[in-house]
Amino acid sequence: MSAATAKKKTGTKAAKKTSAEKGKILVIVESPSKAKTIGKYLGSKYKVVASVGHVRDLPKSKLGIDKENNFEPQYIPIRGKGALIKELKKEASRASAVYLATDPDREGEAISWHLAYLLGIDPSTPCRIEFHEITKNTIKEAIKNPRPINLGLVDAQQARRELDRLVGYEISPLLWRKVRKGLSAGRVQSAALKIICDREREIAAFVPQEFWNINVLFKKDSKFTAKLIEKNGSKITVSNQEENDAIIKELNSGVFRVSSVTEKERVIKPAPPFTTSSMQQEAGNRLNFNARKTMMIAQQLYEGVEIKGRGAMGLITYLRTDSVRVSEIARDAAKTFIEGRYGAQYYGNNVYTNKKKDIQDAHEAIRPADVELTPASIKDSLTSDQFKLYNLIWTRFVASQMSSARYNSMQVNIANGPYGLRANGSELLFEGFRKVYKLASDDDENRILPKLEQGEELNAEEITGEQAFTQPPSRYTEASLVRELEEKNIGRPSTYAPIVSTLSERRYVSKEKKSLKATELGFVVNDMMEEHFKDIVDVNFTAEMEDKLDLIEMQGIEWKKVVGDFYGPFSRELEAADKVIERVKLEDQPTGEMCEICGKPLVIKTGRFGDFIACSGYPECKNTKPIVEKVGVKCPSCGSELVARRSKRGRIFYGCSGYPDCKMVFWNKPVDKKCPRCGSIMTEKNGKNKQLVCSNSECGYTE
């Protein structure tokens, strides 16, 4: 069908619509939940639809970059989006106007640009609307102020996309040939892996050093402790028990006398409201959320949550931002709330500025869209995790606008011959922002020392020496890795969560409790990258590339030149590496068991859906079996253990360990509890709220 015929047919269909339908203004957003929220605000004159993310991208089946034609991208409609694109074109053809309202960042701008291409919209016309919070006033104001598509943002996104594609699609096949199928390398991912591997090497090379802490317990009205810190005015390190015992003996024979008492007021200012990075870090530390979970829940809060009695509402401002700026309107609202709720003395009139000068200030910090909407007032409308994150964002923002906490700080120096000891005390005078946002150190803040005078003699109740050893640097957690990436200018807020997830999915790192540990595979890949692709893993080079992407966005430098300047040296490294890298054989981990078919040792191997047990005699013996995880519940059919398994599609289910003799299975995790109604096993169902449901579908009992 020709384009003209298609246009004629579309026009005929449109003519059959009512005049009210034809006159509607079309607004295209990214997600259906956001469309629902915005549609409620805009009313019947508008139709709000979702693109469901990207609609065009580089093809998955090939590189999709014409390196011989100045790195021209070969975009195609995303597979599976054909019907959606057709529907968007139909809606656009009968609309009186089309506004592209995707997310306010590089990725969102690129989606609008691709939509404009597919819908035949001139990107230089005022077709783009932008908002940073989904509230009625903000959306209506954005509709009044459309703008052209920002090609600087688009080009920066295109450059990042091509750089990541070139690294991923050209190094990954090399890793498949030389190490193992299914591996990948990434421009930012590889720099992050090097950071983790370097820390692991520091830990392995660390040699602990013995030292002793000497503390003296005094009592005057109340007990307090002073720590030995110096000898003859210089810092002292007690290296072994002999030194410790000798010093304690001298202290016991000497006289303790107060040499100085210093009191002053100490002020602690509230932290600024959240950026994406600081939100991920704090959610990791306080809520034990990983970066991906934090971003997923924040996206829900931004796009809109159904609030009882009020409908769908966007609860926070845009979640991807480097900025700590707060708008005047939001500051005024916070002032009114704080003074009304806590009193005028609690308002701090704080203004925060970004440390990095080149941060674009279009985005605000992450804050509640309506400060009057307290977490407690909407708790019943949120899931447990949504409430936790909203509470964290709300309290952090409110605290950022409050007055500082004030303390009376006391430092007492005590002398005994050549030795100097010190005791520190602190008393809270005014809680300020701590009224709503507790600090990790709050439990230690009130250490009140008794009144002491210079020259006063003190009696020691007890002198103790405690052996200790210097500790190696700690492994990175997701939170501390995000902080490190941000400090080294590696990646951007939107990339932190995918980086950590990819490293885990590729099994380059493993998690031990909350810590990230480089695996043998991680070291093999990192060593190969360090030797043959120094720039890719170099944190300074990666940071410089981020700066160049910023220059594309802000100063309009030619994005294809940035890609070309990178690709020249990179392609030569790739060609050289392929010639010299030898095949690496990874050692399989033995299980300690023997194959029941051929008698050779069984080992743990890694497959598409995770680890499994296989015979070391492969390919002669192809015996394999899954690694089973017991759930602590007996099979109701035969009494064997129920275990977690994976289907061929990778989905977890729960089955009897007696399979194939017993074929009992559950999709929900069984728990050690029987249904009070029918006696069947209860299972744990994950959803908006976790609940126990009877495994007997005919029973229907839940709790």
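Guide: Helices H10 and H16 are oblique to each other, because their axes cross at roughly 40° (angles under 35 degrees count as roughly parallel, over 145 as roughly antiparallel, 65 to 115 as roughly perpendicular and the rest as oblique). The axes of H10 (residues 276-287) and H16 (residues 493-505) come within 8 Å. Axes here are lines fitted to C-alpha atoms, for helices over the stretch in contact, and angles run from 0 to 180 degrees between N-to-C directions. Helices are DSSP runs (H or I, at least four residues), numbered from the N terminus.

This is a predicted model, where local features need pLDDT of at least 70, side-chain atom pairs count only at pLDDT 80 or more, and totals for chains, interfaces and linings use all residues. Residues are numbered from 1 along each chain as its sequence is written, and side-chain values use heavy atoms, with hydrogens and water left out.

Now look at who meets whom. From H10 come Thr276, Ser277 and Gln280, and from H16 come Pro493, Tyr496 and Ala497; contact means heavy atoms within 4.5 Å. The residues of this contact divide into three nonpolar, three polar and no charged (Ala, Val, Leu, Ile, Met, Phe, Trp, Tyr, Cys and Pro count as nonpolar, Asp, Glu, Lys and Arg as charged, and the others, Gly among them, as polar).

For another stop, find Arg199 in helix H8 (residues 187-205). Arg199 is buried, with a relative accessible area of 17% (buried means under 20%, exposed over 50%, partly exposed in between, with a 1.4 Å probe and protein chains only). Leaving aside neighbours within four places in sequence, Arg199 is in contact with Pro473, Ser474, Arg475 and Tyr476.

How values were computed:
Helices (H or I, at least four residues) and strands (E, at least two) are DSSP runs, numbered from the N terminus.
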